[in-house]
Amino acid sequence: MANYDQPIIIKKVKKNKHAHHGGAWKIAYADFVTAMMAFFLLLWLISMTTPEQKEGLASYFAPPNISPTTSGSGGLMGGTALDNSDALMQGSAPDVTVDASVTPKGEQFGTVEGSMSGRDQQQGNEFEAANASQYDLKADDDQGFHSAAASIRQAWQSMPDITQIADNLIVEETDEGLNIRIIDQEGRPMFPEGSKYPNEATRQAIAAIAPILQKLASPVRISGHTAAGGVYANPRYGSWELSADRANTVRQILGEFGLADSHVDSVVGRSSADPFFPNDPYMAANERIEITLLYETPPVPAGLKP
């Protein structure tokens, strides 16, 4: 029989409710830790660099034409820095300035303007202006030579018939301008032995660059070279005649495919007098054709020459 007099006990359990924060704070904290680590790493790197390295880094990120010329010497940049000649490439000459502070009479007599007066001073200023124009034109030549070199390499790469002589074709910038070399390799000559006419692949490589050379105003010099020790059946036809004839044949091929004669500065035969490898004048690579786009600088008037 049920006992209705026994009290009924109801137990209530209270749970502590906490706000749900999610995981966004973990991402923010990780970003903060990463940023602090990068910051302390940067401080450590700055403390480890020398003043010369700091100067080189500063000049590297500075706008061109304003950084000092001594930037990076002996440091990270190894003597390479942007200065007032940063627009000029290898082989070009930077502007030369005279420091008046090292002269006993100070600025007035330590510069070209201070040491001249009247007509002489006017001529000095005109000479400096002509000099500046030469540097500007040389910078323009550099830009044109960069584009020409890229166009020549691209033209050769698009010709499958000359793939086998790719190692024989060299394009590089020198002190004189843009030099295009067509050299012999051991067992792979560019010309048949003793002949002034090139192989077909060589002829195609020469023809491909004619339209590119025509687009530039720079004069073109063509020179032929032979290796030492050549044997010639005709005693009246030797290395001098062969190198000159090969250079002239190259000129004719260039003219046939678009290079005007007015662009040609000179065609010379050098025989073995100027070997590509002076230590081994008998090496096959000394036998070559060089097509050089020369720097074109405006002539300085006779009355303004220093």
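1. Ala, Val, Leu, Ile, Met, Phe, Trp, Tyr, Cys and Pro count here as nonpolar, Asp, Glu, Lys and Arg as charged, and the others, Gly among them, as polar. The points below apply to a predicted model.

2. Cavity. Searching the whole structure gives one cavity of 30 Å³ or more. The space in the largest cavity comes to about 40 Å³. Its lining is made up of Ile182, Asp184, Met190, Phe191, His225, Arg246, Glu287, Arg288 and Ile289. By class, that lining holds four nonpolar, one polar and four charged residues.

3. Pocket. The largest pocket has about 420 Å³ of space. There are 21 residues in its lining, and Asp184, Glu193, Ala227, Gly230 and Glu287 lie nearest the centre of the pocket. The lining of the largest pocket splits into ten nonpolar, five polar and six charged residues. Asp184 and Glu287 line the largest cavity and also belong to the lining of the largest pocket.

4. Core. The largest nonpolar core contains 38 residues, and Trp156, Leu254 and Ile291 have the most contacts inside it. At least two residues of this core come from each of α4 (118–157), β1 (169–173), β2 (177–183), α5 (200–214), β3 (220–225), α6 (239–256) and β5 (288–294). Of these elements, α5 gives the largest share, nine residues.

5. Leu254. Which residues does Leu254 touch, not counting residues up to four places away in sequence? They are Ile206, Ile209, Ala210, Leu213, Ile222, Leu259 and Ile291. One of these, Ile291, is itself among the residues with the most contacts inside the core.

Conventions: Residues numbered from 1 in each chain as written. Predicted model: local features only at pLDDT ≥ 70, side-chain atom pairs only at ≥ 80, totals over all residues. Heavy atoms only, no water. 1 Å grid on protein atoms, 1.4 Å probe; cavity = no way out; pocket = protein on both sides within 12 Å on 5 of 7 lines; lining within 4 Å. Points joined across faces, edges and corners; volume = space filled by probe spheres on them. Core = buried A, V, L, I, M, F, W, Y, C linked by side-chain atoms within 4.5 Å. Buried < 20%, exposed > 50% of the residue type's maximum accessible area, 1.4 Å probe, protein only. Helix = DSSP H or I, 4+ residues; strand = E, 2+ residues; numbered from the N terminus. Contact = heavy atoms within 4.5 Å.
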